[in-house]
Amino acid sequence: MDVTQLRAQARRHLGPHFTRKDTWASDFPVFVRGEGSYLIDTEGRRHLDGLAGLFCVNMGHGRADIAKAAADQVGTLAYASNWGSAHTPAIEAATLLAGLAPGDLGTTFFVNSGSEAVETALKFARQYHRSQGQPERTKIISRDMAYHGTTIGALSVTGLAKIKEPFGPLMPGVRHVPNTLGLLGDCGPAAELDCVTAIERVILEEGPETIAALFAEPVQNGRGALVPPKGYWPALRALCDKYGILLVSDEVICSFGRLGHWFGYGVTGVVPDLVTFAKGSTSGYAPLGGVIVREKLVTELYDSPKGGVFTHGATWGGHPVATAVAVANLTAMRDEKVLDNVLAEGPELFAALNSLKSAHRCVKDVRGTGFFYAIELMADRDSGRELTETESLKVLREVLPEAFRRTGVILRGDDRGATMLMISPPLVADREVLTELLHGVDEMLNDVEKAVQP
């Protein structure tokens, strides 16, 4: 079957995710194979996967060892639930995660995706407080422009109006506070920063006794790879401890090496109460997500007369094949010291991206750490002219998609609060691959400057 026929069948029968009609009508690539940091389409063309799928293919494509782990598990035990019983792959995966996670984060509830992980954290927070005699603690605090998922609860916590609007009214009792945009490094006492004092104001406005949890990413994806300033996360921890609020670190993107560490703790220095994860846990080889919870909280919920059971579950949660893949993936990541590659190459990648900033008038800012970056675009840095709405749409819908096709480097244009280019290569990408990626980014920025006058 040729690619024209495949595209026609996709347009008729396959529902695309977050895809505009005009994009679906174009000659989009159809991928058939993956090798390392590359995807190969039906026509045999290699595309550098500069976004690691969707921030998830940490170990790269085409790993025979991970595929074998899945095949072996299918042939041994294709399915068993974790409802009143357990199976070996889920036990091994949970034990491995407990050894990698900081502090007493030691109990994992498995689900199937990042959105489900956030839903699980929401439900655990509410039921935990209810079990402790505080059923009025149902409200949630999260940050402006933060993305936490697409299911109704996770979407309610999300701080992006554009993707929420078609589905309202959403879950009540969610307040959004300022993010850390524009703050980096040592900005003075963190407790005095507006983005921190605003949280305490919201807590007091709503009533501390009504707040269940505070959700935040170690490096916020929405609004473009926002690295927190010094002391920010300790300040969050202090506020949550002061008012009895659970601190949830949403690490669906940030965990398993994306920032050069197993978990956000390596950047924040703070042990949260719950950690949500998904993407990198299996490097995209199988659907898996979950929540890692402090063991003390799990014990308190189960031992409470009003608890006894966490009333939550899913048919596929902790699926034998998915958890077997997670064990193979994380073991390979550990044994091959993949995080060391991120720690070594990440600063070099950041420096190279900053050199592109000085070479291109259309670059306003470069943010991020590890293998996770955003390039914020503007019309002309020298004059301070921002892109108009028309120019932004042209860049996002015409210039960048064509540049991705022409260069063979796949990245992501982003319009959440600004016009941005997101960069997130596989963690196994070596210097040669990263050099190719940087050449592609350079050409993309040239294309933007040709399309947008100063």
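Modeller: Let's start at the hairpin of β11 and β12, with two residues between the strands, where G370 takes a positive phi near 60 degrees. This is a predicted model, so local features need pLDDT of at least 70, side-chain atom pairs count only at pLDDT 80 or more, and totals for chains, interfaces and linings use all residues. Residues are numbered from 1 along each chain as its sequence is written, and side-chain values use heavy atoms, with hydrogens and water left out.

Colleague: Why are β11 and β12 called paired strands?

Modeller: Strands are DSSP runs of E, at least two residues long, and are numbered from the N terminus. Two of them pair if DSSP finds at least two bridges between them. β11 and β12 are joined by six bridges, so they pair, and they run antiparallel. Within that pairing, V363 stands opposite L377 in β12.

Colleague: What makes β1 an edge strand?

Modeller: The open sheet has four strands in the order β1-β2-β3-β13, with mixed pairing. β1 (31-35) and β13 (409-410) each pair on one side only, and they are the edge strands. The partner of β1 is β2 (residues 38-41), antiparallel over four bridges, and F31 has D41 in β2 as its bridge partner.

Colleague: How is the protein divided into domains?

Modeller: Domain 1 is 3-62 + 337-452 and domain 2 is 65-336. Those bounds come from an automatic or database domain assignment. The domain centres, taken over C-alpha atoms, are 27 Å apart.

Colleague: And how do you know which residues of the two domains are in contact?

Modeller: Contact means heavy atoms within 4.5 Å. By that test, 34 residues of domain 1 touch 36 residues of domain 2.

Colleague: What does buried area mean for domain 1 and domain 2?

Modeller: It's the accessible area (1.4 Å probe) that two parts lose on being put together, summed over both. Here that is about 2,700 Å², with 60% of it on carbon and sulfur atoms. L339, F372 and R416 supply 26% of the area that domain 1 buries against domain 2, more than any other three residues.

Colleague: Why is E376 with R223 called a salt bridge?

Modeller: The rule asks for a side-chain nitrogen of Lys or Arg within 4 Å of a carboxyl oxygen of Asp or Glu. In this pair the closest N and O atoms are 3.0 Å apart, so it qualifies. The count between the two domains is two salt bridges.
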